[in-house]
Amino acid sequence: MQMQQPLSVPAGFRPVEDGRIREVVGLGLNDLVPGLVIEHRPARTVTETEHVQVLALMGNEAPVHSDTEYCRLTGHPQVLVCGMLTLNIVLGMTVRSTSGMTTGNIALDAVSWTAPVHVGDTLSARSTVLSARRSGSRPDQGIVTCQVDGFNHRSELVVTGTRTFFVPADPDVVRDATGY
């Protein structure tokens with residue numbers, strides 16, 4: 001009978017039993033130190049389908065998002081992707097690593113759209129931890145504020161803002177209790 005080699009656990013994973021590992025989702029309070037910069041991957045290309053679906057779901061009838069002739073006559077080479085879709089794609093990219101185990105968002109502040117986004121643009125995100133502290137009212141939680149920046153495939157900043165959210169003070173307690 002051949003002995004099995006001990007499993008080496010790669011970064012970003014944790015052992016769950018012999019020969020099995022699980023991806024780590026979310027960071028804890030002690031991992032999110034002010035000044036830490038996280039580049040989120042994979043990047044995401046905005047599709048026509050999601051652009052049209054978001055406009056329909058939101059009831060957004062602005063011609064700058066749907067009428068190519070209107071856009072041409074107002075100086076835009078093509079329709080603009082709705083800013084809320086851009087923001088949601090960028091914020092969504094940050095969740096897995098920064099707030100994958102959050103119990104809630106607290107604030108989204110100072111959001112600015114700084115350049116147009118079009119269908120076919122590929123977006124990436126970056127989070128910079130601005131502050132992190134233990135919650136006074138929820139001692140098992142930390143409160144983290146990040147600067148979140150979204151970029152297009154030309155490295156142009158397209159959206160920016162700050163996001164404040166809860167994270168577990170001890171992520172291993174939450175991982176063990178929830179299976180994450």
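## His118 and its loop

His118 sits in the loop between strand E4 (105-113) and strand E5 (122-134); strands here are DSSP E runs of at least two residues, and helices are H or I runs of at least four, numbered from the N terminus. This is a predicted model, where local features need pLDDT of at least 70, side-chain atom pairs count only at pLDDT 80 or more, and totals for chains, interfaces and linings use all residues. Residues are numbered from 1 along each chain as its sequence is written, and side-chain values use heavy atoms, with hydrogens and water left out.

With a relative accessible area of 10%, His118 is buried (under 20%; exposed is over 50%, partly exposed in between, with a 1.4 Å probe and protein chains only). Setting aside neighbours within four places in sequence, His118 is in contact with Val46, Gln78, Val79, Leu80 and Val81 (heavy atoms within 4.5 Å).

Helix H1 covers residues 48-58, and its buried residues are Glu50, His51, Val54 and Leu55. Viewed down the axis, they fall within an arc of 135°, so they line one face of the helix; the arc is taken from the directions from the helix axis to the C-beta atoms. These buried residues pack against strand E3 (37-45) and helix H3 (83-99).

Turn to the face pointing away from the buried side, and you'll find the exposed residues Thr49, Ala56 and Leu57.

## The end of H1

Met58 belongs to H1 and is partly exposed, at 44% relative accessibility. After H1 comes Gly59, with a positive phi near 70°.
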